[in-house]
Every structure is written in C-alpha cells, then in structure tokens.
2 protein chains.
Amino acid sequence: MPPDAGEPSIIEPLCAVFRRKLRAEGLKYTPERAQVLATVLEFEGLFDAEAITASVRTSGLRVSKATVYRTVRLLQDAGVIQRVMLDREQALYQVVYGRAPSDLLILLDTGEAIQISVPELAAIRDAVCARHGVLPQGHRFQVFATRNA
Amino acid sequence: MPPDAGEPSIIEPLCAVFRRKLRAEGLKYTPERAQVLATVLEFEGLFDAEAITASVRTSGLRVSKATVYRTVRLLQDAGVIQRVMLDREQALYQVVYGRAPSDLLILLDTGEAIQISVPELAAIRDAVCARHGVLPQGHRFQVFATRNA
DNA sequence: CTTGGTGCAAACATTTTGCAGCACA
DNA sequence: TGTGCTGCAAAATGTTTGCACCAAG
C-alpha cells in the first residue's frame, strides 16, 4: 500500500522502472503499455486480465486482450506486478511496488483476498532455505478463512 | 513410491474414508475410482491430472480424462487430496492424508517442489485470523529458491 | 432394476500465437 | 524509416459437460 494520500504519484517511479526495463530490452513504450501500467496501479488488491482490459477500455483507449496479456508479461518481467495463482485456474496479479508483502488472507465464503503483512515469514523462509542449502528468492503465504463457520 | 516398510497400508484407511464419503452422498465406489485413489497415493509430491491418467492406465485399467477429473474432484471433497496452484496454469494436487504439511519449497531452476514442514505457521495463521476476526480454515506457504544464483 | 458412472467428443474458458498493417524511437 | 507493436482471429491448453450405453447397489 502506497504511503500518502496523493495516489497518482506512485505512477511516476514505476513508470520509470518500466520504461528503463523496456529500453534495456530494445522494446517500446507505447500508449497501450502506458495505459495498462496506469490502470494496474489503480487496483488495490488482486486483479485478472479481464479486469485490466475492461478498465483500460473505460479510459477511452481500445486495447485487445492480446496486448493486455503481452503487457502483463512484460510487467511481471520488470518486477512491477506478480502473478498469484489461487484455486481458480484463472491467473490473478498484484502490484508489488517497493517491497509490498505478498501475503494474503483469503475469505473462502466471499472469495475476497486481503493483503496482509507477516514480517516473520522472511526469517522463516531464509531458515528453510539454509536448511536445504538453497538460495531464497521469495515466498508466498496464503491464509484461508471464513467469516461464519 | 512407498517404501515397502509397511507403507502400502495407507491405502486402507483412506479407501475407507473415500468409500464412506461416497456412500454418504449416494455415490458409487467403482473400479475406476478405486484405481485413481490407489494411483494417487503412490505419488510422493505434487502431481497433475495427466500424471494420474497415465499412471492409472499403466495399471491396465483404461480411464478417460473425464473420469480422472471427476474423481479428482471427489477426492478433494473427501479431503483426501488438495489442489495446489503454482505458477503454471495447470492444477497440481497433493495427498493430504492425516495432517501432512502443505508447505512447499519450490526450486525455480528445476521446477522441483519439496514438501516441507513449518509448524510455526499454524500459530502465525491463527494470529492473523484473530486480528481480522475470521476463522482459520487452513494456510499455504510456498518458498521459492534456486540452487545456483 | 434403478440410479449413477463411464468414455467419447464437443464445448468452454483462458492464454498464446501468426499475420498484415500501424506507430514509436 | 525500420523494427517492434497492435488488433484480430485462429490455435493451443486444461478442464467441464452432454449423451448413449454400462454397471454398482
């Protein structure tokens, strides 16, 4: 979650990150890609490809789903968003700006997914890797719960 | 594959669990279902629908993938196996007999997934749920790592 | 015997890819 | 001005479903 109430300003640094990545790969920064990035940054939690497409189109620009999927992959490569597979077979994504915790509390009755922060997990993850002699690259923690029973 | 030190006997209690579940729902215990169950119990880690189909067919019985998918759903409902979505879009499953820890160490370079046990997570999960006023139903912890860099 | 089960193939949903023209660097 | 980008539609996956026949209870 970005700090201040001036939400639009998150866009700038990430835009820079994305453009740098594109340039490094000899790729282009097109209006479609810019709009997908801007759109994606407005989502609070998890979102899927269709949500991106719909939201981008709301802003006047017409993008094809092909372009959305292609851009989503670029955004993943650039480290801007992360893919999260829940139990549906549809891919969901979340922005991983800065060092956002990718831990989730998933409410089984509503399907709602709340982003949570569990700092201890980093240490646990590192300990697990040390024990197995491998290098930690990341982790994912999902808690499943219900409101009622 | 089960070590011969008495492992094959896991089948019996689980078979009982499954049959009970089926009977409770007015469903039938067919050879196909029995063989899918038996096959699934021989996998050590994660497996997908295709692996089940192939393995069942090796044992002489010819099952369609439709039946495999239908049985897999039943096994999930019965609490015998659990679906695990990793980053591929194919569903993977694992047996959750007894109280197997569903925590995983995933090696990014090989794609290998090692089952690990992190007992502290249960407490962390419960604390998270308590803080959000919801009832814990389960959790999932995935550590991503590499062997090299 | 009755009800549910099976295989097959077609249907589905999501994501990927080939192609012809368009636009950014 | 050239390479990469776009939209479209077709292909590729992985999973589900409709149907006619078969078998468990």
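**Conventions.** I worked with a predicted model in which local features need pLDDT of at least 70 and side-chain atom pairs count only at pLDDT 80 or more, while totals for chains, interfaces and linings use all residues. Residues are numbered from 1 along each chain as its sequence is written, chains are lettered from A and ligands numbered from 1 in the order in which they are written, and side-chain values use heavy atoms, with hydrogens and water left out.

**Symmetry.** I superposed the copies by least squares on the C-alpha atoms of residues with pLDDT of at least 70 in both, and chain B can be laid on chain A with an RMSD of 0.1 Å by a turn of 180° and a shift of 0.0 Å along the axis. That is the relation of a two-fold axis. Of the residues of chain B, B:Phe141 comes closest to this rotation axis, its C-alpha lying at 2.3 Å.

**Cores.** I looked next at the nonpolar cores, meaning sets of buried Ala, Val, Leu, Ile, Met, Phe, Trp, Tyr and Cys residues joined through side-chain atoms within 4.5 Å; buried means under 20% relative accessible area, exposed over 50%, and partly exposed in between (1.4 Å probe, protein chains only). The largest has 47 residues, of which A:Val40, A:Ile52, A:Ile81, B:Val40, B:Ile52 and B:Ile81 touch the most other members. A second, separate core of 24 residues includes A:Leu105, A:Ile124, A:Phe141 and B:Cys129.

**A loop residue.** I found B:Leu27 in the loop between helix 1 (11–24) and helix 2 (31–40) of chain B, where helices are DSSP runs (H or I, at least four residues) and strands likewise (E, at least two), numbered from the N terminus. At 36% relative accessibility, B:Leu27 counts as partly exposed.

**Aromatic pairs.** I paired rings of Phe, Tyr and Trp (its six-membered ring) if their centres lie within 6.5 Å, with planes under 30 degrees apart counted as stacked, over 60 as edge-to-face and the rest as tilted; this gives seven pairs over all chains. The rings of A:Phe43 and A:Phe47 are stacked, because their centres are 4.7 Å apart and their planes at 20°. The rings of A:Phe141 and B:Phe141, with centres 6.0 Å apart and planes at 80°, are therefore edge-to-face, and this pair crosses between chains, from strand 6 (residues 135–146) of chain A to strand 6 (residues 135–146) of chain B. I noted that A:Phe141 is buried at a relative accessible area of 0%.
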